[in-house]
Amino acid sequence: ANAISKAKGLTIFRRNDLREIFLGVWEGKPWGNIAYDKRREVERFRSAPGSWNIGGAETPVEAAERLLSALREIAVQADGQTVVMVSHSVVIQLALGVLRDIPLSEIRPLPPEQYTAVSVLSMEGGELCLLSEQNNTD
């Protein structure tokens, strides 16, 4: 967000509902320790985030709906303007999967080379429409 803001002279507005999926008991712990101690759960998180859930964590459905709700609200407030929104890998994948009508259990994570990518959405008739996704070449 900072790089885009500086390059384009835009103001940043921070919103908690654009954050990454809440990891419950894993939140705030070093990823290396979690990967070592909880190999099976981490593998499920990496290979099929749509079916992953652990104690106290936000479910994939909750995370996707939180982000989609924020996107809808921002689109309505923007009223036809172009807006740049920055979020995080897993929650973006979950939300894009919902927009593509992919069951959450079938959503797969982004390959690392696509962690920084652009998806374009529009709001038409009160519905979010996915125009292009995960473009990291332009």
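At 10% relative accessibility, phenylalanine 45 counts as buried (buried is under 20% relative accessible area, exposed over 50%, partly exposed in between, with a 1.4 Å probe and protein chains only). The model is predicted: local features need pLDDT of at least 70, side-chain atom pairs count only at pLDDT 80 or more, and totals for chains, interfaces and linings use all residues. Residues are numbered from 1 along each chain as its sequence is written, and side-chain values use heavy atoms, without hydrogens and water.

Five aromatic pairs are present in the structure. Rings of Phe, Tyr and Trp (its six-membered ring) pair if their centres lie within 6.5 Å; planes under 30 degrees apart are stacked, over 60 edge-to-face, the rest tilted. Two of the pairs are tabulated.

| Pair | Centre to centre | Angle between planes | Class |
|---|---|---|---|
| Tryptophan 26 and tryptophan 31 | 5.7 Å | 75 degrees | edge-to-face |
| Tryptophan 26 and phenylalanine 45 | 6.3 Å | 70 degrees | edge-to-face |

Tryptophan 26 lies in the loop between helix 1 (2-8) and helix 2 (31-37) and phenylalanine 45 in helix 3, so their pair ties together parts 19 residues apart in sequence. Helices are DSSP runs (H or I, at least four residues), numbered from the N terminus. Tryptophan 26 is buried at 5% relative accessibility, while tryptophan 31 is partly exposed at 29%. Trp26, Trp31, Phe45 and Trp52 form one aromatic cluster.

Notes
Helices (H or I, at least four residues) and strands (E, at least two) are DSSP runs, numbered from the N terminus.
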